[in-house]
Amino acid sequence: MTKTFIDKITPLSRHAFNPNHYTLELINEASRLGLIDQKSLNNFQTQIMSLLTDLIIKYTKGESTSIKVETAQRILGSILYVIDTHISSFENPEDAIELINAGEIKMIYKDGLDLVLAFQKETETLYQEIKNNKLDIPIKAYQSTIDDALPGFFKIYDAHFQAQDTMAGIDYPLLFDEPDLQGIVYIKQYLEKLSLETQFCRLFPIEDIGRVLLDYGRVYCLDYRDALINIFEIILTNCIFSVLSSNQARQPVITPYKYELLCDRLNGLDHPQCLTLVSDAIETLISDLCIDQAQLKNYMRDYVAVLMPRLMNALNHNSLANVVIVAVEKDVELDIVFDEGSIMDDESFRALVDQIIECEDGAEKAAIIASGVRSLGDFIDVLEADCLFDDEFSCLFNTLGDMELSILARIAFIEDLRSDPTAFSLQNITNEGLEIEWQIELAKFFPGLDSYRLQSIDHLIHSSLQAKPGLG
Amino acid sequence: MVVKNLLDIYPSMGSNIEKLTLGEVLNTNLESQKYGLMLNAVEAQELIGARNQAIRNHGRVELSIGVVHSIVSIFCPSPYINQEEYAFTLNELLDIFYYMKNETEDTIGDDELLGIMKDYFNNSCQGSLELLKNREMTGYANKLRRENQARDYAPERNSNDDQDIY
């Protein structure tokens with residue numbers, strides 16, 4: 001005889017309802033299924049309106065008997081949001097229906113308000129942790145979201161009269177955001193995910209993260225500091241491919257050599273094979289980086305679904321270099337190509353100098369110059385624009401390649417080169433006779449380089465002299 | 001939908017908005033007759049219609065009928081109101097009142113606003129409803145909005161006191 005199992009059918013699924021109209025959709029569906037009667041429906045509406053009347057009186061502090069319709073609608077939206085927060089917290093929607101049938105709508109509101117206020121407190125604490133652990137990365141959207149937008153939200157958030165509002169200029173994109181959520185529930189999920197992403201990124205040296213972002217900007221021809229990019233996604237992507245190319249979980253920087261190894265490994269693989277490799281790489285990352293937090297593990301694993309279509313598309317179109325950010329050799333790191341055809345107009349130049357002056361960090365000044373200056377003339381003008389001081393010159397010179405340094409050396413030491421070109425060597429230079437500040441700083445900078453590199457730059461100087469005997 | 005569209009405030013609040021009845025309006029005669037002013041049943045009915053229309057025209061939700069009583073008790077002693085124009089004046093004052101609630105961005109309470117209206121009406125306007133609305137009250141609202149703006153954009157804002165409602 002065949003046994004027949006009768007399972008209890010739960011007709012209501014909490015995931016079937018729009019989170020922003022949860023209670024109303026739940027009630028309508030429950031009513032359709034006969035789980036809630038007309039008396040309870042009428043009671044629900046009457047009590048909601050009674051709550052609205054109470055709150056309007058509180059809102060006007062008893063000084064006005066009327067308010068604008070828009071204000072009343074906003075307060076009503078706030079009441080429903082607070083009730084939604086409580087009602088949607090029930091794992092089983094039928095328990096919530098039972099509560100509504102019991103008729104204690106004002107009690108549901110009170111419990112919802114307590115929950116919203118608890119979320120607010122909890123989220124403010126989480127925000128402080130995120131602020132304390134903020135990455136030292138000059139992405140404007142990231143910095144302004146943490147420094148300005150989130151404190152602004154907490155300052156104006158009003159759980160009593162505007163609980164549903166998410167008034168905050170949050171520009172920094174998460175890898176997995178839920179933009180359909182509202183109010184404190186949205187901010188809560190945003191900060192929880194930002195916290196996970198920050199925890200992951202802090203496992204790597206900040207210099208490595210900066211290096212990958214700089215290379216990312218080069219690949220996509222943008223200034224990464226102004227871009228709306230997710231740091232976690234870029235670093236996680238490179239880490240996955242770093243594991244696949246050289247089994248180095250802690251090294252997000254992928255050299256051209258590692259990239260070649262990676263291409264060899266992925267070449268000719270189909271979707272299931274790539275999926276296995278990527279999933280295994282994420283597990284290796286979790287293990288090697290000693291990640292034990294379940295939420296972060298799952299957050300990383302969820303990325304497979306995002307990465308796989310991009311990876312397969314890149315492999316099919318031979319464009320893997322757009323997915324994997326490959327490091328450019330250090331001597332051309334900042335890509336300052338002296339191109340006489342790219343001279344800046346006066347206005348742009350003044351804006352650039354103002355930006356440099358406002359900046360207080362030498363490395364950041366160097367990055368601004370690297371992203372803004374394309375011609376030798378502009379570069380020299382910047383050096384002489386009184387916007388760099390003391391060791392900021394060496395910060396900038398450190399970012400230049402051998403070719404660029406050889407060009408600057410030819411300008412700075414032109415008298416020495418004219419008097420005895422064959423005897424000239426950077427190994428013997430002094431700052432005697434130099435009067436311009438950047439040239440004096442350059443003379444101080446060269447002795448700090450290793451002799452191999454000085455020889456290389458010397459070689460470039462002498463090569464150019466042979467090619468252009470009429471220098472100067 | 002089984003549950004009415006709750007955000008459509010007027011039908012939703014139908015049972016909560018206190019309806020102004022003919023008896024309520026006629027009761028105001030007890031106060032106004034001290035000054036020789038009376039509404040008859042037709043005028044009282046017209047006042048109910050004018051009040052409801054003013055609330056809708058100015059996009060407001062009214063929770064009680066207290067404003068009609070307040071207008072009667074505040075304006076009846078005015079030397080510029082006579083029996084012939086009493087009903088018309090009340091209708092106009094109600095409209096100016098709701099208009100001003102919007103124009104002042106709900107930043108002043110009912111009693112304070114009615115007090116300001118009365119002062120202008122009895123003094124600079126000498127009973128002119130046109131001057132009251134188009135000159136004095138509009139000018140007052142503009143000045144108040146500028147002051148509110150200056151306060152809102154001041155470098156240091158006063159934070160609102162957090163209220164415990166329930």
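**Entry 1. Confidence**

I began with the scores of the predicted model, which are ipTM 0.82 and pTM 0.69. For chain B I noted a mean pLDDT of 84, with 80% of its residues at 70 or more. I then looked up where in chain B confidence is lowest and where it is highest. Helix α1 of chain B (residues 9-12) has the lowest mean, 54, whereas α7(B) has the highest, 96. I also marked residues 157-166 of chain B, where pLDDT stays under 50 throughout. For that stretch the model has 14 contacts beyond four places in sequence.

**Entry 2. Overall make-up of the chains**

I recorded 20 helices and one strand in chain A. Chain A has 472 residues, of which 47% count as buried. Of its contacts with a separation of 6 or more, 70% join residues 24 or more positions apart.

For chain B I recorded eight helices and one strand. Their order along the sequence is α-α-α-α-β-α-α-α-α. Chain B has 166 residues, and buried residues make up 43% of them. Residues 24 or more positions apart supply 63% of the chain B contacts with a separation of 6 or more.

**Entry 3. Helix α1 of chain A**

I asked how many of the 11 residues of helix α1 of chain A (residues 22-32) are buried. Eight are, so the helix is largely enclosed by the rest of the structure. I listed the buried positions as Y22(A), T23(A), L24(A), L26(A), I27(A), N28(A), A30(A) and S31(A). The elements that cover them include α2 (38-59), α3 (69-87) and α4 (93-102) of chain A. After α1(A) comes G34(A), and I noted that its phi is positive, near 75°.

**Entry 4. A buried lysine, K193(A)**

I located K193(A) in helix α7 of chain A (residues 183-201). Is this lysine buried or exposed? K193(A) has 15% relative accessibility and the cut-off for buried is under 20%, so K193(A) counts as buried. I next looked for a partner of its side chain and found a polar contact with the side chain of E178(A) at 3.1 Å. Leaving out residues up to four places away in sequence, K193(A) touches L174(A), F176(A), D177(A), E178(A) and Y299(A).

**Entry 5. The pair α8(A) and α9(A)**

I then examined helix α8 (residues 206-219) and helix α9 (residues 231-246) of chain A, whose axes come within 10 Å. The axes cross at roughly 95°, and the two helices are therefore roughly perpendicular to each other. On the α8(A) side I found I209(A), V212(A), L213(A) and Y216(A), and these meet I231(A), I234(A), I235(A) and N238(A) in α9(A). By class, this contact has seven nonpolar residues, one polar residue and no charged residues.

**Entry 6. I282(A) in helix α11**

I placed I282(A) in helix α11 of chain A (residues 271-288). I282(A) has 1% relative accessibility and so counts as buried. Apart from neighbours within four places in sequence, I282(A) is in contact with I240(A), M300(A), R301(A) and V304(A). I also checked I282(A) against Y303(A), 21 residues apart in sequence, and found their C-alpha atoms 9.2 Å apart.

**Entry 7. The loop between α7 and α8 of chain B**

Finally I inspected the loop between α7 (110-122) and α8 (129-152) of chain B, in which S128(B) lies. What does the side chain of S128(B) reach? It reaches the backbone nitrogen of L131(B) at 3.0 Å. A polar atom of the S128(B) side chain also lies 3.4 Å from the backbone nitrogen of E130(B).

N123(B) is in this loop between α7 and α8 too. I found its side chain reaching the backbone oxygen of D119(B) at 2.7 Å. Between the C-alpha atoms of N123(B) and Y80(B) I noted 10.0 Å, the two residues being 43 apart along the chain.

How values were computed:
Residues numbered from 1 in each chain as written. Chains lettered and ligands numbered in written order. Heavy atoms only, no water. Axes fitted to C-alpha atoms, helices over the stretch in contact; angles between N-to-C directions. Helix = DSSP H or I, 4+ residues; strand = E, 2+ residues; numbered from the N terminus. Parallel < 35°, antiparallel > 145°, perpendicular 65-115°, else oblique. Contact = heavy atoms within 4.5 Å. Nonpolar A, V, L, I, M, F, W, Y, C, P; charged D, E, K, R; others polar. Polar contact = N/O pair within 3.5 Å; in protein donor to acceptor, adjacent residues only side chain to side chain. pLDDT = per-residue confidence, 0-100. Buried < 20%, exposed > 50% of the residue type's maximum accessible area, 1.4 Å probe, protein only.
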